[in-house]
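Before a fold can be discussed in detail, its features have to be read one at a time.

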Amino acid sequence: KINSVNVLYLFQCFQEAQDDVLCTFHSESFDNGVIVMSKNGIISHQSKLFPHQLVSLGFFISRSRRKWKELNLQICRIGDDGMKLFHQFLCGDKQEITKLNLSSNNLTEASSHLIGDIIRHLQPHTLVLDCNKITNLKNMSTSVTATCTVKVLHMYNNNITSQDAVAISDMLTCLEELNINNNKLGDHGAELISKGIT
């Protein structure tokens, strides 16, 4: 992990210069291929990533030509608009991120289909979406079952309801770990999901 507030300025310089070589060279500075942009990571005094910062980060990731073990954007409050911006970089050619953490980013149903696209392109092993407001998991479920690469899915404290139970049940064929605690599934939703377990 690189704990420097200035790293975003560095990414912005790479973007303005449109320099792939510098992106590739400096990507080796990140220990074990881990980028942590969360409150306790790179940006220690800022918990919101602004659109121009997301674009610079996306440019760096897409041009660095390396496999990233983890991208942690927890508590960056990117929102649905930020997700639309960042989505284009995550779904670029041959991106690889093993663990993607988008917890506490004010993501809603509007980001659900974008997350489905990201799953299809990145094929992550672990996807953490805790503490958002995500609902309508049909597209996500289709992507998870189509690729079967996501093994760990955390969606603690979202807006998942009994209407999402069938989608969750379908994903169980691929998942090894699922956390959907503190949602609004109700007894009917829990019953539908339990049918997928048996």
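Predicted model: local features only at pLDDT ≥ 70, side-chain atom pairs only at ≥ 80, totals over all residues.

Q: What share of the residues of the chain count as buried, and what share of its contacts join residues at least 24 apart?
A: Both are totals taken over the chain. Of its 198 residues, 48% count as buried. Among the contacts between residues at least 6 apart in sequence, 81% join residues at least 24 apart.

Q: How is a pair of packed helices described?
A: The general idea is that two packed helices are described by the angle between their axes together with the distance between those axes. In this structure, helix H1 (residues 7-17) packs with helix H3 (residues 51-63) at an angle of about 70 degrees, and their axes are 8 Å apart. Angles of 65 to 115 degrees count as roughly perpendicular, and H1 and H3 are therefore roughly perpendicular to each other. The crossing in which H1 passes H3 is left-handed.

Q: Which residues meet where H1 packs with H3?
A: On the H1 side they are Leu-8, Phe-11, Gln-12, Phe-14 and Gln-15, and these meet His-52, Gln-53, Val-55, Ser-56, Leu-57, Phe-59 and Phe-60 in H3. Sorted by class, the residues of the contact of H1 with H3 comprise seven nonpolar and five polar ones, with no charged residue.

Q: At what angle do the axes of H2 and H3 cross?
A: The axes of H2 and H3 cross at roughly 80 degrees and come within 8 Å, and H2 and H3 are therefore roughly perpendicular to each other. Asp-20, Cys-23, Thr-24, His-26 and Ser-27 of H2 make this contact with Phe-59, Phe-60 and Arg-63 of H3. By class, the contact of H2 with H3 holds three nonpolar, three polar and two charged residues.

Q: Which residues does Ser-27 touch, not counting those up to four places away in sequence?
A: Ser-27, which is found in helix H2 (residues 20-27), touches Phe-60, Ser-64, Arg-66 and Trp-68 when residues up to four places away in sequence are not counted. Its relative accessible area is 0%, so Ser-27 is buried.

Q: In which sense, parallel or antiparallel, do S2 and strand S3 pair?
A: S2 and strand S3 (residues 97-101) pair in the parallel sense, over four bridges. Leu-71 stands opposite Leu-100 in S3, and Asn-72 stands opposite Asn-101 in S3. S3 also runs parallel to strand S4 (residues 126-128), to which three bridges join it, and here Leu-100 stands opposite Leu-127 in S4.

Q: What is Asn-101 in contact with, leaving aside its neighbours within four places in sequence?
A: Asn-101 is in contact with Leu-71, Asn-72, Leu-73, Gln-74 and Val-128, once those neighbours are left aside. With a relative accessibility of 7%, Asn-101 counts as buried.

Q: Where is Met-140 found, and which residues does Met-140 touch?
A: Met-140 is found in helix H6 (residues 138-147) and counts as buried at 0% relative accessibility. Not counting residues up to four places away in sequence, Met-140 touches Ser-112, Ile-115, Gly-116, Ile-119, Leu-129, Ile-134, Met-155 and Met-171. The C-alpha atoms of Met-140 and Ile-119, which are 21 residues apart along the chain, are separated by 7.5 Å.

Methods. Residues numbered from 1 in each chain as written. Heavy atoms only, no water. Helix = DSSP H or I, 4+ residues; strand = E, 2+ residues; numbered from the N terminus. Buried < 20%, exposed > 50% of the residue type's maximum accessible area, 1.4 Å probe, protein only. Contact = heavy atoms within 4.5 Å. Axes fitted to C-alpha atoms, helices over the stretch in contact; angles between N-to-C directions. Parallel < 35°, antiparallel > 145°, perpendicular 65-115°, else oblique. Left-handed = near helix turned anticlockwise from the far one by under 90°. Nonpolar A, V, L, I, M, F, W, Y, C, P; charged D, E, K, R; others polar. Pairing = 2+ DSSP bridges.
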